[in-house]
Structures are given as structure tokens and as C-alpha cells.
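This note sets out points on the structure shown below, for a reader who will work with its coordinates.

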Amino acid sequence: MKARLIPNLDSSAALDAVAVLSPQMEEGRSPDEQVDAWTGGLLADFWARKEFRGKALETVVVHRPTGLEAPRLLLAGVGPEKDLDAAGVRRAAAVAARALKNKGVRRLAVVAPDGLEADLTAQAIVEGVGLTSWEPDVYKTEDRPEGAMEELVVVASGGEEGLRRGLAIAEGRNFARALGNEPGNILTPTELADRARSMAADAGLECEVIEEEQLEQMGCGALLGVAQGSVEPPVMIVLRYEPETTSDADMHLGLVGKAVTFDTGGISIKPSASMDEMKYDMAGGAAMLGAMKAIAALKPSVAVTAVVPSVENMPGAAAQRPGDVVTSMSGKTIEVLNTDAEGRLILADALTHAQRLGCTHLVDAATLTGSVVVALGHERGGVYTNDEEWQAKLLASATTAGEKMWPMPMDDEYKEQLKSPIADLPNIGTRWGGSITAAIFLKQFADPTPWIHLDIAGTAWHDSNKPDIPKGPTGVAVATLVDLALSL
Ligand code: BES
Ligand code: ZN
Ligand code: ZN
């Protein structure tokens with residue numbers, strides 16, 4: 001999708017449609033004159049017939065609008081003006097684009113609402129429309145609604161930088177979503193590495209794929225233990241971004257993402273209901289790759305390295321057993337009491353490797369636990385840290401990016417659960433507070449480096465269609481991480 005900015009809609013003749021993001025109309029207030037003129041004076045009718053009042057997610061289409069050359073005009077509500085935020089603008093833009101795209105619209109103008117900063121508004125519009133460029137129906141051979149939006153014109157008085165950011169973030173998110181959508185038989189660790197390699201080549205990033213033999217030499221026993229039940233060899237994908245000029249030469253951001261291409265649970269096998277969803281157990285790794293794609297385009301002034309450990313967790317004949325003891329790259333030994341708690345095992349070695357590569361600040365993202373879904377549902381991801389100042393930066397970026405997250409506790413008392421009679425630590429605690437004990441496990445491998453862990457098990461996948469995004473992978477965390485990198 002191409003995107004450009006124009007200050008006002010002098011001519012819409014070359015467009016298939018114009019969408020106006022409209023704030024909620026108020027009783028007794030005269031309608032927006034310009035928009036009313038475009039509709040040919042229909043706003044009062046819409047109000048009277050309760051057809052369109054500008055509530056969030058509300059839309060109405062006007063065919064052959066008398067005040068415009070474009071053949072269609074769509075009004076999309078953004079809700080009350082006083083509550084206007086970037087997330088609301090993004091949602092309205094996505095709803096408008098989804099409605100029009102399926103009706104053959106390829107060239108769309110979106111008229112920005114007033115009230116927010118120009119860059120934020122333009123970014124939100126491009127992100128919202130850009131998200132509709134990718135749909136999960138990639139393997140359908142019949143009845144596939146064709147085509148994505150080709151050209152987006154944002155009508156606003158400024159926001160070039162926002163437009164650029166919005167495009168890069170939408171593309172990064174769509175890259176992550178496309179990976180999360182792939183079935184386990186197609187997206188193996190080897191295939192993920194191939195896709196990372198070709199993305200890196202296009203984006204101008206350095207890419208190294210560490211293969212099994214080298215992982216053995218490095219002593220990645222925790223990762224290799226998980227991989228040994230599968231015929232698919234494991235990999236550790238490393239992507240590097242070097243800034244041309246640095247704002248802080250001492251800062252080196254490390255992005256570590258869990259990429260289990262399919263999680264059966266291993267010998268501690270999962271129940272069959274919904275097991276198919278475990279193809280998205282690589283969403284943390286996908287988010288890091290998507291963020292790197294956007295970072296390569298937006299060129300923040302800080303060094304960023306992504307480390308993505310990837311395995312398939314299968315109960316093959318050579319699979320690790322509950323009770324096995326493995327030695328991690330850090331030297332710490334782990335008693336594997338449950339082979340389904342595999343994400344923390346591969347992340348342990350990846351966190352160690354990221355630090356050996358010189359990362360001074362770490363963020364990991366992982367579909368790590370069912371417990372975080374019990375705690376926070378599908379609305380917010382859990383955030384854990386060993387450094388409050390570092391976490392505050394990420395939470396600020398999450399707010400700017402419109403991604404909902406929530407800081408979780410890491411009190412020492414929880415650590416009592418992580419005691420093993422035979423090794424340095426077990427890979428699980430009790431049934432209670434499972435997302436917290438998982439984070440405390442990871443902390444043993446991240447300390448003393450400032451670190452944040454994002455448990456995105458509940459937010460990386462939507463179980464049902466939403467007005468702005470279809471059922472499937474969401475690409476969560478990409479927007480937050482890109483904002484974080486740009487803010488450092
Ligand atoms: N990949 C799962 C976590 C998960 C659950 C992700 C639901 C997305 C949706 C993870 O590897 C896992 O199985 N965790 C176990 C840990 C338990 C054995 C301590 C869990 O959360 O049940
Ligand atoms: Zn698991
Ligand atoms: Zn898993």
C-alpha cells in the first residue's frame with residue numbers, strides 16, 4: 001500500500017471512496033458544514049433517523065455523494081470528541097477500510113478528525129488502514145475476496161513523520177501476523193529462519209542463523225532439550241540493526257522472542273481441544289522479527305539485536321522426559337518437571353546469548369502461560385521486570401502505541417515455588433500464579449541486565465472477528481517495541 005498526505009480534498013475524482021472519521025454529533029449542535037456539504041445535506045437526516053451519529057464503530061455509506069467527485073463517501077464514527085485518542089482513530093480507520101476494501105475500493109482518502117497531534121493522527125490512520133492489507137485466508141483457493149488497498153491518501157494539515165511510522169509499523173505487524181497464521185507443518189524453525197533471512201536481506205539487517213551443531217557447542221542445553229522430541233532441527237535467529245549515528249553509544253536494546261512453531265506440550269502432552277491454536281506459540285518471536293523490519297525502515301538512533309530461539313515441542317521417541325535435568329547456556333541446571341513449560345527453557349538460553357552479544361537492555365515477548373489469560377483475559381498482556389525505570393519506558397510506549405498491557409508483581413515470596421531437590425531450579429512452580437513464577441524463572445537468566453518480560457499468550461491471538469481486525473494473530477507488541485526503540 002502506498003500512502004501520502006494532502007492538506008485538503010480539492011479533488012476526489014481519482015479516488016474510489018472518501019472516508020471521513022467523524023466525532024460523535026451532539027444534540028442541538030449544528031453539523032460539520034464541510035461534511036454536511038459532501039453528503040449533500042444528509043447529516044440532519046442521519047441524526048433524526050439514528051442512522052449515524054458518530055458513535056465509535058458506527059458507519060454509513062453515501063453513494064454518489066452530491067458534494068464530492070468520488071463515487072462513495074463513508075462516515076465512520078470515532079465517538080465523543082473529548083475521548084478521542086490514537087487507538088480510537090486507528091480502529092475507525094480500520095473499520096472504514098475493511099468495509100470499503102471488500103466492496104472493491106482500492107484508492108481511498110481518509111479525512112482525519114481534529115483534536116489530536118498531527119503525527120499521531122496520521123500514524124493511527126495509516127496503521128489502521130495498513131492492517132487491512134493482510135488477511136488470514138491465505139490458503140483458500142475459492143471465494144477469496146481479492147485485493148488489498150493500493151493507495152491511501154490521508155487528508156490532514158500535517159503528519160509526514162507519523163505517516164512514515166504508521167506505514168512501517170503496519171508492515172511490521174502484518175509480517176508478524178502472517179507468520180503467526182502459518183500452520184506448524186509449513187512454518188518449521190528452519191522455515192522461520194528462511195523467512196527471517198529474506199526479510200533481513202530486503203530490510204538491510206544483518207542476519208545470523210545459529211544451527212543445531214553450534215547450539216551444542218554453545219552449551220544451549222535448555223533449548224536443545226525441548227527440541228530433541230521433534231524431527232525438526234532447532235535454530236536461534238539473530239538479527240542486528242546498527243544505527244548510523246547513536247544517541248547513546250552505551251545503550252544496546254535486545255529483543256528476545258519465543259518461537260515454538262508448534263507446542264504439543266511434549267511428553268506432558270496438551271489436551272486435544274484447541275491444540276491447533278498452538279501454531280501461534282511463535283508469536284513472541286514473530287513480534288520481534290516484525291519490530292526489526294519496522295526498525296530497519298525507521299532507523300532509530302540506538303543499536304538493536306533480536307534473538308529468536310525457535311523449536312518445535314513434540315513428544316517424539318527422543319523427547320525429553322519429565323524429571324530430566326538439563327544444563328542451560330548460563331551454566332544453571334534445570335529440572336524439567338513439565339515438558340509443556342518449554343517456552344521459558346528456550347528463552348533462558350536466548351536471554352543468556354543476548355547478554356553475551358552485548359545487549360544492555362532486554363525485552364522478551366512470549367506466549368508463555370495460560371495463567372496470564374486467566375489473570376488478564378484477552379484484553380491486556382502481562383508485564384514483568386527487574387527494573388522499574390526500564391519498565392516505565394516500555395509502559396509509556398505501550399500507551400502511545402495503543403497496546404494494552406498491565407504491570408504484574410514479582411515479589412520474592414513467589415520464588416519459594418521454584419525450588420528443586422536435584423538441580424538449581426525446576427521449570428514450574430505450583431498451579432497458582434503460573435504467569436508470575438514463569439517470569440521469576442526467566443529473571444534468573446536475565447539478571448543483572450535491565451529486563452522486561454511480556455506474557456502475550458492472551459493478546460497475540462483473537463478467537464473471533466473484531467470490527468477492526470479479523471480472527472487470528474494480532475501482531476501485538478510490534479507497535480510498542482518500535483515506539484520504544486524510537487524513544488531511546
Ligand atoms: N504455549 C503455552 C502457553 C499458552 C497457553 C499460550 C494458552 C497461548 C495460549 C506454554 O508453553 C504452556 O504450555 N504453558 C503451561 C505451563 C504450565 C505447564 C506450567 C501453561 O500455561 O499451562
Ligand atoms: Zn507449552
Ligand atoms: Zn508454549
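The points below take up the domains, the interface and the ligand in turn.

1. Model and domain layout. The model is predicted. Its protein chain is assigned two regions, domain 1 (2-156) and domain 2 (169-487). Taken over C-alpha atoms, the centres of domain 1 and domain 2 are 36 Å apart.

2. Extent of the interface. On the domain 1 side, 19 residues make contact with 21 residues of domain 2. About 1,600 Å² is buried between domain 1 and domain 2, and carbon and sulfur atoms supply 59% of that area.

3. Polar and charged pairing. Which kinds of pairing join domain 1 and domain 2?

4. Composition of the domain 1 face. Helix 3 (86-101) and helix 4 (118-131) are the elements that give two or more residues to the side of domain 1 touching domain 2. The residues on this side comprise 11 nonpolar, 3 polar and 5 charged.

5. Surroundings of ligand 1. Ligand 1 is surrounded by 16 residues, and the closest are K270, D281, D340, E342 and G370.

6. Polar atom pairs at ligand 1. How far is the polar backbone atom of G370 from an oxygen atom of ligand 1? The distance is 2.6 Å. A polar side-chain atom of D263 is 2.9 Å from an oxygen atom of ligand 1. For T367, a backbone N or O atom lies 3.4 Å from a nitrogen atom of ligand 1.

How values were computed: Residues numbered from 1 in each chain as written. Chains lettered and ligands numbered in written order. Predicted model: local features only at pLDDT ≥ 70, side-chain atom pairs only at ≥ 80, totals over all residues. Heavy atoms only, no water. Domains from an automatic or database assignment. Contact = heavy atoms within 4.5 Å. Buried area = accessible area lost by both parts, 1.4 Å probe. Helix = DSSP H or I, 4+ residues; strand = E, 2+ residues; numbered from the N terminus. Nonpolar A, V, L, I, M, F, W, Y, C, P; charged D, E, K, R; others polar. Near = heavy atom within 4 Å. Polar contact = N/O pair within 3.5 Å; in protein donor to acceptor, adjacent residues only side chain to side chain.
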